[in-house]
Every structure is written in structure tokens, then in C-alpha cells.
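Please examine the sequence and the structure shown below.

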Amino acid sequence: MYSLVSKRTTQLLWQSVNSSIIRTMATRNPARIAVAQMRSTNDKQHNFAQIQTLTERAKAKDVQFIFFPECCDFVGTHREETLSLSEPLTGPTVEQYRKLAREQNVWLSFGGVHESIIEETKSGQQVNNIYNTHILINNAGELVASYRKLHMFNVVTPEFKFRESETVRSGPELIPPVDTPIGRIGLQICYDMRFAEASTILRKQGAEILTYPSAFAMSTGRAHWEVLLRARAIENQCFVVAAAQIGFHNKKRESYGHALVVNPWGTILDEAGKDDQDVVVAELDFDKLQSVRANMPCFEHRRDDVYNLSTRVGLPYTSSTANDEQYTFGGIHIQPETIFYVSEHSFAFTNIRCVVPGHVLVSTKRAAARLPDLSPAEISDFFQTVCKVEKAAERLYDATSSTVTVQDGPDAGQTVFHVHCHVMPRHVGDFPENDQIYGELNRHDKEPERERRPIEEMAAEAARFREEMSKMGL
């Protein structure tokens, strides 16, 4: 629970952000999109020919963005064939997609390609892993975003059984919504639509459009396809775009089809027919999105004091994940090269003065003075980030223990009134008396004669943390 003052502050902040978004949307024209329906097989060139045809057909209708379904590259007949046909995102299939986007001067969403990537196991062994990956390519032919499917379709029904995880690995994380000319797009794939928490987090991060490119099974499609997609649109007050596979891909596998677009009120704007190759064209009216969110402000009514959603969206901090966001600690600008991890509400950076080697800081993004001033979502995110940083610090500095401390208030030694945590890897005998570290911590920033580390040294340490956290999958 947090104080009424803090809760009211959070509500006012959300209202301000929401009002800003609404003002921005009020000036926007409707976005014209196309959503494809196709039938992929194990013939990759035939599948690409379908994509070319559908792209040309859609572009003739003056669309800005075209969405293709899951497995648009191919549908394998067995595991070994799928492994052999998969490619890295630098391979010839994605290169064809990039060239097509350039030639047609249009943004393309490929809602599930089989991404092959060589990865190292914890034991150091090299393995070839396959991910079901949703990619966005801009009209200049640049790959601007990729999302690896989180939820594996491992199910048994009276009609069929399917275990996606026998061939494909699940992705490590959600990615924040992607800014595009038609709006902020939250990337998902097929079975992900059954996990409403993910879509709500994407909406909280600013999504206006949720995507569910699919190769939906027949029996579950008849029962759940439309109702799930409309539910995701209604509860998140977002447009939902669902490109689809249709028909028999081989003797064992058939997809439901019914590619469609839903508006934020839950109304189906258009739906594909029964053809193998079909294109649905729809206009996304952001005045409608604005009115739905303004008239029924559900996200202002959420009870973050009772429940909340947080996400492992933290990434090793690089220029590509920074998004030009500036981070301050106690009113002081933190140099980007010293930041090594950023999550939804927190960030971690190397220290100017260290009590022990590896002494780093985790701070909240929002400049709250004390822990009770944080919302439940911020508290959860903050301490999850602390735990991840602690694991990495112990690995980097060959430690099996850490001193992890928050000085919360002036009588506890807090001198920078911005919530933060000290993470300090420990070794046997690093102090004559173990608790002496607290005295050193109390003195380390108060002694002007204590030498400040060069920025180059701090940046080099941050680079080592980024690399280690990436290896650990944190």
C-alpha cells in the first residue's frame, strides 16, 4: 500500500500523460492499412510469390502499412524440415522482404518468420535455436523491430495435438511498442492473444495498435478467434490487427483464416473471406480511439493499490535501447555510457566512488525521495532490477555474497534524496569486521578528498556489466 498523497500524484501523472496522448491523437489523420490472408506451404518461393501479389494488390489501394501472418515464410511438414528451412534475419528470405518494402515504398509486418540463431548454452556449447519472430520493415527496407513469440502453443484437444516448443524456443521478453507512421504498435503472435496481461502491459507502455498475426487452428478458431481478438481490443481500447493463415498447409495442418481488424470499441472493421489470398483494407480512425479512451477512462480507474502488472522489459542499455531518454539521479544527469541496464521504472549505473570493486547503483527513473513514495509497480520493478544486477555483479567479480542496502531517509544515511540501492559484491576478508562496510558506505560520498573515478573507467565497467547481463539473459 502507498500513501494517499502518492496515489493521488500517480493518478494526476497518468491523467496528464493521457491528456497529452489525446491532444496528440486529435491532430492525426486516419491510417490506411491492409491485412493479408494467405496459405503457406514448405515452398518458400511460392510463399514469397503470394506475399508479392498481396503487397501489389494492397499497394494499389493506397495503404501505408501491410500486415502478413505467422509462418509467412513457410510451414514445415516436420521438425527436421523446419530446422533446415529456417534462416537468420540476415538471410535471403528477410532480404527479399526488405527489397519488396523498398520497391513498393510501404511498411511491412511479417508476423512470424522462423529465425535461426546460433547461441551459447551455459556450458559453452554452440546450438542452433529457432524462434518464431515478428519483424517490422520500414519503407526504406530497414528492419526496425523484432519480437520473439513468448507463449508456446503446446496443447492437446479432442481434435488435435501440437507442441510448438519441440521445434521453436520461446522468446525472452516483451518489447515496448514501436513508433511507426500509423501509430504505436505492440507486437505479439497468435497464441499470445490468450494472455491478456501482455496486451495490458503494452497498452500501459503506450500501444495504440495490438497485432496478432496467426496460423490459428480450426477447432480453436471456430470457438475463440473472434471473441479473443475483440476482447483484447475492448479491454485495452486499442485497434487489433490480425493477419491470418487459411486452409491446408500439408496433410496434418490446417488454419482457420478470417483475417480481421477490430476497433477500440470492439467493432470488426473488416474481415477476410474464404480465399487463400485475400486482403482486408481498413482505416484506423484515431478520433474513435480518442473518444473511447476519454469517455471510458478505464486505465485511470485501475487499482494499482490493490493489483498491478509489471514486466521484465529490462534490457542491457545501449544506444539502440536508449531512445534518447535522459536519466537523472538526484537532479544530476547520468552519463549514458555509465548506464548498463534499464527497466520499465528503474535503471542501473556504475558508481563514481566505490566502497568495494563492483559497487554499483540502482535508481528509480522517477525522482521519488523514499520507498513509501513509490507505487506498487515501481517497487516491484525496482527490487526485481536490484536482484538482476546483484546476480551480474557477483558473476563479474567472482563473489558468492553481496551487501545490498537502501538508505531510506537522512537518519539512515541517505544523502541523495532519490530512491536508490547500493549493490556491493563481497569477499572473505574485504573488511576486518564485516559490518564495517556500512561505516565506509556512510563516509564514501562525504569525503571530498576521496578520488572520483574517471568516466572512461566507469564506462568500461558498464560495458562489462552489459555483456554479462546479456549472456545471463537478464
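Two residues are in contact when heavy atoms of each lie within 4.5 Å. With this definition in hand, one may turn to the model, which is predicted.

An unreviewed UniProt entry places the feature "binding site" at Asn351, Gln407, Gly413, Gln414, Thr415, Val416 and His422. Gln407 belongs to the loop that joins β23 (401-405) to β24 (420-426). Once neighbours within four places in sequence are set aside, Gln407 is in contact with Ala412, Gly413, Gln414, His422 and Leu441. Is Gln407 buried or exposed? Its relative accessible area is 11%, and buried means under 20%; Gln407 is therefore buried.

Gln414 likewise lies in the loop between β23 and β24. Its relative accessibility is 4%, so Gln414 counts as buried. When residues up to four places away in sequence are not counted, Gln414 touches Ala369, Arg370, Gln407, Asp408 and Gly409. With Gly409 there is a further detail: the side chain of Gln414 reaches the backbone nitrogen of Gly409 at 2.6 Å.

The nonpolar residues come next. In soluble globular proteins, nonpolar side chains tend to be buried together. In this model, the largest nonpolar core has 45 residues, and Ile33 and Trp225 have the most contacts inside it. Apart from this core lies another one, of 24 residues, including Phe48, Ile51, Val94 and Val106. Returning to Trp225, and leaving aside neighbours within four places in sequence, its contacts include Met193, Tyr212, Phe216, Tyr256 and Leu260. Ser214, Thr220 and His258 are also among the residues that Trp225 contacts.

Technical notes:
Residues are numbered from 1 along each chain as its sequence is written. This is a predicted model: local features need pLDDT of at least 70, side-chain atom pairs count only at pLDDT 80 or more; totals for chains, interfaces and linings use all residues. Side-chain values use heavy atoms; hydrogens and water are left out. UniProt positions are given in the numbering used here, feature names are shortened, and annotations may be inferred rather than shown by experiment. Helices (H or I, at least four residues) and strands (E, at least two) are DSSP runs, numbered from the N terminus. Buried means under 20% relative accessible area, exposed over 50%, partly exposed in between (1.4 Å probe, protein chains only). A polar contact is a pair of N or O atoms within 3.5 Å; within protein, one must be able to donate a hydrogen and the other to accept it, and residues adjacent in sequence count only if both atoms are side-chain atoms. A nonpolar core is a set of buried Ala, Val, Leu, Ile, Met, Phe, Trp, Tyr and Cys residues joined through side-chain atoms within 4.5 Å.
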